[in-house]
Amino acid sequence: MSAVPRLWLVALAVGLCTCRTEAVREPRPAAEPAALRYNVTYVREPEHAIDVEIVLVRGAPREFHFTQDWGVDAVQAYGGAGDVRVLPVREGGVSAPRGTRFLRYRYPVDALIRERGPQLFGGMAQGEARHLAGRAWLLRPRALDPSLRVELSVNGVDALLPWEPGPDGLYRLSAEDLIDSGFHGFGGRRCQARLPDAVIEVAILGKMTHLRDAEVCEWLRQTAEEVRTVRRSFPHPRITVLVFPVPRRSEANVFGMVLWSSPPSISLLVGQDTTRAQLDEDWVALHELLHLTHPTIIPRTPWISEGLATYFTELARSRSGRQAPERSWQELLTGFERGRRQARGRTMQQMVEENRPPGIYWVGAFFALRLDVELRRATGNQRGLPDVLELLALQGSTSTVGAYGAAVDAVAGRPLFDALLAEELRLPAFAGLEGLLEGLGVTPTPSGVKLQRARDSLLREALDGQSDSSAQ
Ligand SMILES: [Zn+2]
């Protein structure tokens, strides 16, 4: 067995989403020389490794580090007179001596996988394909200088990085792009999932037993379409998804994660032996794609980000027609019960402080449901939580809890967020669940959820999309 199950747990423990500011870049004249140039050469002999040369010119920074200190022991610094100094990597970084013209190092992909086992960021291998994250192998300037321009070229491999290369194959970036440089696929095969307003570039990094590449891309296209039941358009014109088949596993999704590169990049670990029917039942890919519908909340606030993605993962599947609304409500109820078992009578405030999955996901999803219902009550069932996401998207790629609350109030047309949150935080988690369900006409029975007419059943139909289908 591979080390993937262990990795799955480790990755969950460190949290699903990392936050960063998405770069908004001014167009720059092509003739201007870059301040930092990365020449990346992928080598396969005697085993897979990445050779990196960083050319320093014109006031380039001299302090560099790996976002995640992973596996490079030393960096060579080349001076103008041909002198070479070996700089040991200390605390994840190096300081280039004055007069340094180049930094060179090798990231030993396969040696590290052999030593430490497969790791989501540090490296995973299947056949000739490799899955990495830039944070492990890419040495980046320690200080953020928004004006610093970066050029990056990759030779010797077909790479899928989060950014779109220019016609000359060169990636033109800002230093900000290197803060979280996302997931990187090397080798493997490519397909595209095309939406009316976006394209998803997919790297399939290994062999699928039962699925053709086109089927994998079609599954991702259908899943991405469900994101458009929450937002009016797909949140980015182009994103990248790495699909890594996990040997000897048959479930559709072993693990998924989005990294906040600019644009975001997604990794999906898919059971190698999974079937198309199992993919149709999967929710992990949708969950990760739904993270693109909300801004990055700073500081990181999982009860909002995971709550939104978890809540909409269920609703989007009935809004798209993939599953009956009864199933969506059943899934939400099952999740709320899981959360309630973890809470053991504790308040939402205590759950937020504990910040542990799965409870934090479901506490957040319950609050998202409460907000959505209150927004619909306040606006005569005309507006809801998706309108809050549209408003936030106009304000930029990052937000705060305060700005999130202000957007809720703006959509509601009156102050609502602070009082609702304060009330919810001090109550035992999920305290109002039964009353809320009764109002919506969602009735749990031993044979599953029944949906019935009730005071707020029209609101419920707006949430799960049934009002759209019944109007047709
Ligand atoms: Zn998530």
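View 1. The bridge partner of Val75 is Leu87, which lies in β5. Strand β4 (residues 74-79) runs antiparallel to β5, with five bridges between the two; strands count as paired if DSSP finds at least two bridges between them. Helices (H or I, at least four residues) and strands (E, at least two) are DSSP runs, numbered from the N terminus. As a reminder, strands of a sheet pair through backbone hydrogen bonds, either parallel or antiparallel. Please keep in mind that this is a predicted model: local features need pLDDT of at least 70 and side-chain atom pairs count only at pLDDT 80 or more, while totals for chains, interfaces and linings use all residues. Residue numbers start from 1 along each chain as its sequence is written.

**View 2. Seven strands make up an open, mixed sheet.** Follow the strands across in the order β5-β4-β7-β2-β1-β11-β13. At the edges sit β5 (84-88) and β13 (171-174), each of which pairs on one side only. From one strand to the next, the twist averages 20°.

**View 3. Asp83 sits in the loop between β4 and β5.** Is Asp83 buried or exposed? Asp83 is exposed, because 12 other C-beta atoms lie within 10 Å; the cut-offs are 20 or more such atoms for buried, 12 or fewer for exposed, and partly exposed in between, with C-beta atoms placed from the backbone. Between Asp83 and Thr100 there are 9.2 Å from C-alpha to C-alpha, and the two are 17 residues apart in sequence.

**View 4. Strand β14 (residues 183-186) is buried on both of its sides.** Phe183 and Gly185 point one way, His184 and Phe186 the other way, and all are buried. In a regular strand the side chains alternate between the two faces of the sheet. Strand β9 (residues 129-133) is joined to β14 by four bridges and runs antiparallel to it; here Leu132 has His184 as its bridge partner. Strand β12 (residues 159-160) also pairs with β14 in the antiparallel sense, over two bridges, and Leu160 has Gly185 as its bridge partner.

View 5. Beyond its neighbours within four places in sequence, Val243 is in contact with Val202, Ala203, Ile204, Leu205, Val216, Leu268 and Val270; contact means C-beta atoms, placed from the backbone, within 7 Å.

**View 6. Helices α7 (residues 302-319) and α8 (residues 325-343) pack against each other.** Their axes come within 7 Å and cross at roughly 165°, so α7 is roughly antiparallel to α8. Axes are lines fitted to C-alpha atoms, for helices over the stretch in contact, and angles run from 0 to 180 degrees between N-to-C directions. Angles under 35 degrees count as roughly parallel, over 145 as roughly antiparallel, 65 to 115 as roughly perpendicular and the rest as oblique. Residues making the contact include Thr310 and Leu315 of α7 and Ser328 and Leu332 of α8.

Methods
Two residues are in contact if their C-beta atoms, placed from the backbone, lie within 7 Å.
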